[in-house]
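Please open the model in your viewer and keep a selection panel at hand; the stops below say what to pick and what is found there.

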Amino acid sequence: MRYLSDIVEGVAFTELQGSADVEITAIVFDSRKVVPGCMFVAVKGTAVDGHDYIDQAIKDGAVAIVCEELPAHTAAEVDFLMVANSAKALGTMAANFYENPSTNLKLVGVTGTNGKTTIATLLYKLFRDMGYKCGLLSTVENQINGNIIPSTHTTPDPVALNKLLSDMVDEGCDYCFMEVSSHAVAQHRIEGLKFSGAIFSNLTHDHLDYHKTFDSYLKAKKAFFDNLPKNAFALTNTDDKNGNVMLQNTAAHKKSYGLKSMADYRARIIENQFSGLLLNIENEEVWFKLVGTFNAYNLLAVYAAAMLLEQDKAKVLVSLSKLTGAEGRFEYFTAPNKVIGIVDYAHTPDAVQNVLSTIHDIRKGNEKVITVIGCGGDRDKTKRPVMAKVACEWSDKVILTSDNPRTEDPAQIIKDMEEGVDPAFKRHTLSIADRKEAIKTACMLSQPGDIILLAGKGHEKYQEINGVKNHFDDMEELEEQFKHMV
């Protein structure tokens, strides 16, 4: 239990009605979760305005209300705190409520369009392998020193986030590695957290349905670095043209990594095969289990972060060489007839090209590449034709299909993708809305030695259709088809 006066420390409020001495049992911003004695924070969301539920929150037992606009009638027995931005205040208050857990461990955030999950997961696995107690906050799952907590968002809401960090502190965790999405920055979900370091992977076309422009998307990522404390590190990919942009206004200790440009931490690819990567990192040749140029960047980012966290170079490289990546990231296996299947989360044009270019670099010669790909509904529509175009340019055959159509018509999503298919590629392209049938067709079209890429869903084990998540697992479907390929 906390007092209101403790919770609002550091929050700039314009008006306070009532006593700040009231005890608070919980902080909620969803009126359905109100409990007696709680503080209700009225947040203006994209679809719902919490201010519309203030009266209901009071009826259900809220003793304090945080809002941007006072209601016409305020209850005398309830404290009202008016702020300029409720979402921003929520982050700080949630941190205060849980006694600022991010100050009691080393919190490292990873941002960028692609690579966030792999980098955060590898850091978590690496530091655990080296004997530390750690936490992980990622798209795939959250973990507290080996205990798995299901993940619903790339970055949880401020209350859930600080509760998880508090649980990590209680478990004695030394580090937490977390993905920081552009949505999380724009929606102030990380407000009030103290980061020991930040890592930038890359920035490409994504989330323009939310941010509207690439510049807004860039600024959301940059804001994360702008707000780092001076005793933190800011590590960026210098081979990405936006890498140095992230460092322009940060007070943190600036460092860079890269494969091509001059950087503080450098690596070179010696071998790139389906079985792994041979890299020269800082004049040490090391074999890694991960595949592809994009994973060379991910591994180098992890190595650099470990060095900035003052770990032993030899121990880091030995541990890293043993690790596998995150679930659903370039997972591959082979059918009895030697057809290779690859499942990858690639759901942006750049990520699709990265995976397909990696396959192109590794393939031996005459194998055909068959790509099954879709685009999510109720998301950035502008990337649909671009993703189809990239898939066609880098594949021998492409099957356009569904990938979480949500409330949209799958046929219309596929039609949007077809706009990006050049006439020269049309005879090599099929459209099959049923993803299961699309995967089955890809297997039927394959010959021994061919490579089938299932792009977009990766670790996800569902198809979201009209608000319902129906069980669907690319890996399961591919394994089932492979049983019959002898």
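This is a predicted model: local features need pLDDT of at least 70, side-chain atom pairs count only at pLDDT 80 or more; totals for chains, interfaces and linings use all residues.

Next, within domain 2, colour α7 (208-211), β16 (265-273) and α10 (293-308), each of which supplies at least two residues of the side that touches domain 3. Coloured by class, that side of domain 2 has 11 polar, 5 nonpolar and 2 charged residues.

If you now search for salt bridges between domain 2 and domain 3, the count is 0. Selecting by contact instead picks out 18 residues of domain 2 and, facing them, 21 residues of domain 3. Between them the two domains bury about 1,600 Å², with 63% of that area on carbon and sulfur atoms.

**The whole chain**

Zoom out and colour the protein chain by domain, using 2-97 for domain 1, 101-321 for domain 2 and 331-484 for domain 3.

**An open sheet**

Which order do the strands follow in the open sheet of 5 strands? Reading across, the order is β2-β7-β6-β5-β4, and the pairing is mixed. Select β2 (13-17) and β4 (27-28), which stand at the edges: each has a single partner strand, so one side of each is left without a neighbour in the sheet. Finally, select β4 with β5 (residues 39-41), a pair that runs in the parallel sense over 2 bridges, and look for Val-28, which stands opposite Phe-40 in β5.

Definitions and conventions:
Residues are numbered from 1 along each chain as its sequence is written. Side-chain values use heavy atoms; hydrogens and water are left out. Domain bounds come from an automatic or database domain assignment. Contact means heavy atoms within 4.5 Å. Buried area is the accessible area (1.4 Å probe) that two parts lose on being put together, summed over both. A salt bridge is a side-chain nitrogen of Lys or Arg within 4 Å of a carboxyl oxygen of Asp or Glu. Helices (H or I, at least four residues) and strands (E, at least two) are DSSP runs, numbered from the N terminus. Ala, Val, Leu, Ile, Met, Phe, Trp, Tyr, Cys and Pro count as nonpolar, Asp, Glu, Lys and Arg as charged, and the others, Gly among them, as polar. Two strands pair if DSSP finds at least two bridges between them.
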